[in-house]
Amino acid sequence: DVITCSLAFHHLNSKQKEDAFSEIYRVLKKEGDFYIFDFAEPKGQLIKFAANIYKHLEEIDDQVNGQLIKLYEKTGFKDVKTHFTKAGMISLISGKK
């Protein structure tokens with residue numbers, strides 16, 4: 001069982017992200033995987049500068065401050081990993097139920 005989400009979480013506020021994680025965890029089968037491809041902690045000074053500007057336009061504070069990883073763990077996901085980062089701040093992150 002796999003659930004994926006691509007470039008959507010940065011449109012949700014913190015409460016909506018928590019609610020979404022809880023619901024995804026609830027419906028995901030045991031040993032299922034949840035993948036997010038979205039904004040994450042920026043890598044590099046120029047990208048960090050750009051993220052500071054962009055966070056006024058979208059709900060990316062949680063992402064650029066490393067909160068997605070913490071939200072995975074808080075919700076109960078195990079084996080949380082960042083697989084890669086593209087363009088300095090868009091990452092593929094996964095966790096297993």
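**Figure 1. A salt bridge between E18 and K74 in the predicted model.** In this predicted model, E18 and K74 form a salt bridge in which the closest N and O atoms are 3.7 Å apart. E18 belongs to helix 1 and K74 to helix 4 (residues 67–75), so the pair ties together parts that lie 56 residues apart in sequence. E18 is partly exposed, with a relative accessibility of 34%, whereas K74 is exposed at 61%.

Figure 2. D19 and K15 meet through their side chains in a salt bridge, with an N to O distance of 2.7 Å. The two residues are 4 positions apart in helix 1, which means that about one helical turn separates them. K15 is exposed, at 52% relative accessible area; D19 is partly exposed, at 39%.

**Figure 3. A salt bridge between K81 and D79.** The side chains of K81 and D79 are joined in a salt bridge (3.6 Å, N to O). K81 has a relative accessibility of 40% and counts as partly exposed. D79 is also partly exposed, with a relative accessible area of 48%. The model has 6 salt bridges in total.

**Figure 4. Strand 2 and its partners.** Strand 2 (residues 33–39) pairs with strand 1 in the parallel sense over 5 bridges. C5 has I36 of strand 2 as its bridge partner. Between strands 1 and 2 the chain passes through helix 1 (residues 14–27), and this β-α-β crossover is right-handed. S6 has F37 of strand 2 as its bridge partner. The pairing of strand 2 with strand 4 (residues 90–96) is antiparallel and covers 7 bridges; here D38 stands opposite S91 of strand 4.

Figure 5. L46 is part of helix 2 (residues 45–54). With a relative accessibility of 64%, L46 counts as exposed because the cut-off for that class is over 50%.

Technical notes:
Residues numbered from 1 in each chain as written. Predicted model: local features only at pLDDT ≥ 70, side-chain atom pairs only at ≥ 80, totals over all residues. Heavy atoms only, no water. Buried < 20%, exposed > 50% of the residue type's maximum accessible area, 1.4 Å probe, protein only. Pairing = 2+ DSSP bridges. Right-handed = clockwise from strand over helix to strand, strands pointing away. Salt bridge = Lys/Arg side-chain N within 4 Å of Asp/Glu carboxyl O.
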